[in-house]
Amino acid sequence: MIVDSYRFLPRSFRPLYEGRGAFPGEDAPVWAPFEKRLAYARIALLTSAGIYLKGSHPSFDVDREQAQPDWGDPTWRSIPATTQPQDIAIAHLHINDEDLLADPEIALPMHLLADLAREGVVGGAAANHVSAMGYQDRRLEDWRSTTAPQIAAHVREQGADALILAPA
Amino acid sequence: MPVLARWIEAAGIPTVVVTMMPAVAEERRAPRIVGVEFPFGHAFGMPLDRRMQRRTLELALRVLAGARAFGTRVDLDVEWPVPLREAYRAWQPKVPSPIVRKMLEARQSQS
């Protein structure tokens with residue numbers, strides 16, 4: 001079964017994504033081998049659904065995006081794996097957030113991952129996962145220069161062996 | 001997002017991207033890809049459907065740990081249980097995003 005990559009995308013958006021090839025300078029294969037058994041590996045999660053913690057995080061900056069529609073907030077948030085749904089807020093202007101607020105696991109399945117760790121399917125889960133907001137300016141300059149290295153350092157600090165990324 | 005995965009992979013951390021647009025992730029050269037035919041905002045499945053979410057996450061883990069080569073893509077064979085028209089409408093924001101509003105205004109001013 002082959003997934004239809006454009007099933008839920010408005011038809012007028014399709015040319016923005018399809019047939020554009022690699023990002024400039026990002027054509028060569030990159031590969032970090034996954035060397036452990038899953039049962040001994042610690043896994044981290046990343047969502048780009050614009051999730052943040054109501055009580056302790058600033059929102060992703062949607063006001064600036066309203067004023068400057070080609071721009072998207074390039075920062076990221078660390079999300080404790082014990083976070084409860086009622087503590088989560090969403091700042092993402094490109095999706096309906098009702099389902100995400102009802103069940104954040106659809107974007108960041110941190111409680112499910114904790115279950116798999118308890119069952120021994122994976123060795124463990126990161127104590128803190130990662131949240132970003134996926135709408136970004138086309139050049140991705142801040143993500144490349146700042147956000148990606150910070151996230152890689154964070155994943156390493158968590159002792160995680162790998163990262164599962166889920167775009168919103 | 002596929003490009004972000006590349007940068008993190010290049011820093012030595014294995015990655016897998018779970019995405020509703022796997023063809024785009026392939027074009028952008030993500031190292032490992034799981035395709036899902038789910039609406040945007042729902043990478044792991046339906047709200048509160050733990051079985052569907054688990055099938056998605058377990059496939060992501062299998063591809064993460066088991067892929068032997070760069071560019072490996074495996075699609076999840078799960079059908080979205082909501083009729084297309086309804087699901088298509090449901091994922092979209094109630095108010096058009098700033099960039100969509102800008103595009104619509106540009107189109108209107110041309111016509």
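This is a predicted model: local features need pLDDT of at least 70, side-chain atom pairs count only at pLDDT 80 or more; totals for chains, interfaces and linings use all residues.
In the contact between the chains, 58 residues of chain A touch 61 residues of chain B. Helix α5 of chain A gives the most to chain A's side, with seven residues. Strands of the two chains also pair, β7(A) with β1(B).

**The side of chain A that touches chain B**

- The elements α2 (62-67), α3 (98-102), α4 (110-119), α5 and β7 of chain A each supply at least two residues to the side that touches chain B.
- By class, this side of chain A holds 40 nonpolar, seven polar and 11 charged residues.

**Helix α5 of chain A against helix α1 of chain B**

- Two packed helices are described by the angle between their axes and the distance between those axes.
- For α5 (residues 141-157) of chain A and α1 (residues 2-10) of chain B, the axes come within 9 Å and cross at roughly 60°.
- That angle makes α5(A) oblique to α1(B), because an angle from 65 to 115 degrees would be needed to count as roughly perpendicular and one under 35 degrees to count as roughly parallel.
- The crossing of these two helices is right-handed.
- From α5(A), the contact is made by Trp143(A), Arg144(A), Ala148(A), Ile151(A) and Ala152(A), and from α1(B) by Leu4(B), Trp7(B) and Ile8(B).
- Seven of these contact residues are nonpolar, none is polar and one is charged.

- Helix α1(B) is largely enclosed by the rest of the structure, because eight of its nine residues are buried.
- The buried residues are Pro2(B), Val3(B), Leu4(B), Ala5(B), Arg6(B), Trp7(B), Ile8(B) and Glu9(B).
- Both chains take part in covering them: the cover includes α5 and β7 (162-166) of chain A, together with β1 (15-19) and α2 (22-27) of chain B.

- Between the chains, β7(A) and β1(B) pair in the parallel sense over three bridges.
- Ile164(A) stands opposite Val16(B), which lies in β1(B).
- Within chain B, β1(B) is joined to β2(B) by three bridges, and these two strands run parallel.
- Thr19(B) has Gly35(B) of β2(B) as its bridge partner.
- In a regular strand the side chains alternate between the two faces of the sheet.
- In β2 (residues 32-35) of chain B, Arg32(B) and Val34(B) point one way, while Ile33(B) and Gly35(B) point the other way.
- All four of these residues are buried.

**Strand β6 of chain A**

- Strand β6 (residues 128-132) of chain A is mostly covered, with five of its five residues buried.
- The cover reaches both faces: Asn128(A), Val130(A) and Ala132(A) are buried on one side, and His129(A) and Ser131(A) on the other.
- β6(A) pairs in the parallel sense with β1 (residues 42-47) of chain A over two bridges.
- In that pairing, Val130(A) of β6(A) is the bridge partner of Leu46(A).
- Strand β3 (residues 76-80) of chain A runs antiparallel to β6(A) and is joined to it by five bridges.
- Ser131(A) of β6(A) is the bridge partner of Arg77(A).

**Leu112 of chain A**

- Leu112(A) belongs to helix α4 of chain A.
- Leu112(A) is partly exposed, with 19 other C-beta atoms within 10 Å, because a residue counts as buried at 20 or more.
- Leaving aside neighbours within four places in sequence, Leu112(A) is in contact with Glu105(A) and with Arg50(B), Gln53(B), Arg54(B) and Leu57(B).
- Leu112(A) and His129(A) are 17 residues apart in sequence and 13 Å apart in space, C-alpha to C-alpha.

**Positive phi in two chain B loops**

- Arg29(B), in the loop between α2 and β2 of chain B, has a phi near 65°, a positive value in a residue other than glycine.
- Arg29(B) is buried, as 21 other C-beta atoms lie within 10 Å.
- Leu48(B) is found in the loop between β2 and α3 (50-66) of chain B, and its phi is also positive, near 65°.
- Leu48(B) counts as exposed, with 12 C-beta neighbours inside 10 Å.

Methods. Residues are numbered from 1 along each chain as its sequence is written. Chains are lettered from A and ligands numbered from 1 in the order in which they are written. Axes are lines fitted to C-alpha atoms, for helices over the stretch in contact, and angles run from 0 to 180 degrees between N-to-C directions. Helices (H or I, at least four residues) and strands (E, at least two) are DSSP runs, numbered from the N terminus. Angles under 35 degrees count as roughly parallel, over 145 as roughly antiparallel, 65 to 115 as roughly perpendicular and the rest as oblique. A crossing is left-handed if the near helix is turned anticlockwise from the far one by less than a right angle, and right-handed if clockwise. Two residues are in contact if their C-beta atoms, placed from the backbone, lie within 7 Å. Ala, Val, Leu, Ile, Met, Phe, Trp, Tyr, Cys and Pro count as nonpolar, Asp, Glu, Lys and Arg as charged, and the others, Gly among them, as polar. Two strands pair if DSSP finds at least two bridges between them.
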